[in-house]
Number of protein chains: 2
Amino acid sequence: MQSICSHTSTVHFGETGYAEINGHLAKSNYSSVFVLVDSNTHEHCLAPFLSQLATDSPIEVLEVEPGEVNKTLETCNQLWLALSELGADRKSLIINLGGGVVTDMGGFVASAFKRGIDFINVPTTLLSMVDASVGGKTGVDLGPLKNQIGTISQPVMVLVDPIYLQTLDQRQKTSGFAEMLKHGLIKDANYWASLKPGIPEKLTESIHHSVAIKNEVVTQDPTEQGLRKILNFGHTLGHAVESYFLESEAHETLLHGEAIAVGMVMEAYLSYKLCGLPWSDCEEIKTTFKAHFGSIAFEAEDIEKILGYLKFDKKNSHGKVKFALLKAIGDTQWDIEVPQDLLLESITYYEKV
Amino acid sequence: MQSICSHTSTVHFGETGYAEINGHLAKSNYSSVFVLVDSNTHEHCLAPFLSQLATDSPIEVLEVEPGEVNKTLETCNQLWLALSELGADRKSLIINLGGGVVTDMGGFVASAFKRGIDFINVPTTLLSMVDASVGGKTGVDLGPLKNQIGTISQPVMVLVDPIYLQTLDQRQKTSGFAEMLKHGLIKDANYWASLKPGIPEKLTESIHHSVAIKNEVVTQDPTEQGLRKILNFGHTLGHAVESYFLESEAHETLLHGEAIAVGMVMEAYLSYKLCGLPWSDCEEIKTTFKAHFGSIAFEAEDIEKILGYLKFDKKNSHGKVKFALLKAIGDTQWDIEVPQDLLLESITYYEKV
């Protein structure tokens, strides 16, 4: 499958990718290679990955606990201490083998260790393959606030190998599927139509198509001055829901895709009210997400707290929350201000069967 | 005094600087302005600085405890939480008003907050004026390891106003003087000769000259692939001494300039042994530094521990410690490997009266 060239890094698919990594290692003369995993990818992905790796550099494995709750500065601090203890230097390489938590956090750890060392991302979840493989966003959460601390730093390359999806449970897969649906909604109506029935059988081709869509956007606007903001569709309310569920003791934590599925339904309603998205499309979006993701019930007290998180949204400035909303399926506007009463209406719309 | 143009930022001197900052604020429409100080600059520098600042944006003051011991991830974490609490967004600006601890740490905090916001540096110590005002190095310490965590991020501008030196004590001034002497040693023999008698009377002109020397180096090699390494003269052993004294309970913490003054004498000896620095110049360097900085006494047990810190030096790779050493006063080589026995000899040389 054709590799996708992003800024300074390239996304390689399947077998080609291992050859590319090994070729890069052969010519780069790294002093040492660190493979960052969580306990899940340690168990399921590390052995097959290492069996494909050919290098004379010493390899060390660094393991973190899985899950968003561990994507913190404290974990970074432990990783930086471990790297120092193990003699990592400026010519060391970090390979991040895992989902978005591992690639986001490992990228940040690499970008700030001794003012920046090389890293390679090997996403192992559907979500991280379609979402985190291009764009160079790295980061960790600050308490419940998602990705508040981070940098824009490009990996030297990315390897997407769908073989790692075999051990992924259905809930994790569906979470990644939410981002694929988003790529259709914001940029490609035909892709959306093809995905509506459910996770496609020819998954590798769809992953490639999702990466290509995202890459087209981020190469035009790497630092999110304009166009790149369309990738935030569903994420403004979605992140607020995700943060609230992460911090609330009364609710089980949502996966990222589950939270933005909620956010996309709510923001489809805002799109209908403010950007001319046809009502029928708005309803189609709601029906599709509810079919695949079910429905989350909110209490009255939840809603106020969720809206409270909006003020920490990274897209804000001057106290105003800005949304990326749909003019039509496949066509997105950004920097749309939304009045408070519409936010409440959008939640009511989500809840209505 | 003529401004000095660096990469994306410019260093302005004296009165001109305030006009430039105010002009920048007027056209940039920041949502809020945060001024980072430590308790010293809060007391001595904040009021005169704010009296020159003209902006309609709300201003918040953030204060940290002074000193290298507080240049930590923990302090960054507190600052990021405070910024979030106070509603900082991507259009906020941080002005770092202080010595190297404040400008290094504040630059790192800005470069990783919501993946990077603007910052301006206003160095208030002689050391930070001549050393931290160009080059874009930001960072914090990891335990006793200096600047292990950080980024290369350019401030939008830098203001050097010698008025802030009035409240600086003599020990702090002498610490900054060490970096000025280094600029002469690595790049400008005449400047070295002019500085040998002591801190010059026309200090502003000398600061300007030091910034110009450093800027010439860092603009040619912003990411320290080669030439920029000459700025590390005295810093390989100097940082090891500094780290050891920072962690050791038996020793008082050294100021940065005091530690690199020691390092420069030791590395002058290595320069004599390995790079052809004439013996008379080596002796002149030792005499000059001892005249201004006195002499530090080391115990036998100290020496082993100091050499132990060398393995964490950021210039290392593949387990080898690389030095920048003098061929002559004003002419520097880099990437020089030093045998272990010479390191011990260099310490003995320093100690000998």
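## Basis of the model

The model is predicted: local features need pLDDT of at least 70, side-chain atom pairs count only at pLDDT 80 or more, and totals for chains, interfaces and linings use all residues. Residues are numbered from 1 along each chain as its sequence is written, chains are lettered from A and ligands numbered from 1 in the order in which they are written, and side-chain values use heavy atoms, with hydrogens and water left out.

## The contact between chain B and chain A

Chain B and chain A each bring 36 residues to their contact, where contact means heavy atoms within 4.5 Å. The size of an interface is often given as the accessible area lost when the parts come together. Between chain B and chain A the buried area is about 3,100 Å², and carbon and sulfur atoms give 56% of it. Buried area is the accessible area (1.4 Å probe) that two parts lose on being put together, summed over both.

The rule finds 2 salt bridges across this interface; a salt bridge is a side-chain nitrogen of Lys or Arg within 4 Å of a carboxyl oxygen of Asp or Glu. Glu224(B) and Arg90(A) form a salt bridge, with their closest N and O atoms 3.3 Å apart. Between chain B and chain A, 9 residue pairs are in polar contact (both at pLDDT 80 or more). A polar contact is a pair of N or O atoms within 3.5 Å; within protein, one must be able to donate a hydrogen and the other to accept it, and residues adjacent in sequence count only if both atoms are side-chain atoms.

On the side of chain B that touches chain A, helix H4 (73–85), helix H5 (100–112) and strand E8 (145–149) of chain B each supply at least two residues. H4(B) gives the most, with 5 residues. Helices (H or I, at least four residues) and strands (E, at least two) are DSSP runs, numbered from the N terminus.

## Two domains within chain A

The domain assignment divides chain A into domain 1 (4–168) and domain 2 (171–351), with bounds that come from an automatic or database domain assignment. The C-alpha centres of these two domains of chain A lie 26 Å apart. In their contact, 27 residues of domain 1 of chain A meet 32 residues of domain 2 of chain A. The area buried between the two domains of chain A is about 2,700 Å², of which carbon and sulfur atoms give 69%.

Across this domain interface of chain A the rule finds 3 salt bridges. Strand E1 (4–5), strand E2 (10–13), helix H6 (126–131) and strand E8 (145–149) of chain A are the elements that give two or more residues to the side of domain 1 that touches domain 2. H6(A) gives the most to that side, with 5 residues.

## Salt bridges in the whole structure

Over all chains, the structure holds 30 salt bridges. Lys71(B) and Asp104(B) meet through their side chains in a salt bridge (2.9 Å, N to O). Lys71(B) lies in the loop between strand E4 (59–64) and H4 of chain B, and Asp104(B) in helix H5 of chain B, so the pair ties together parts that are 33 residues apart in sequence.
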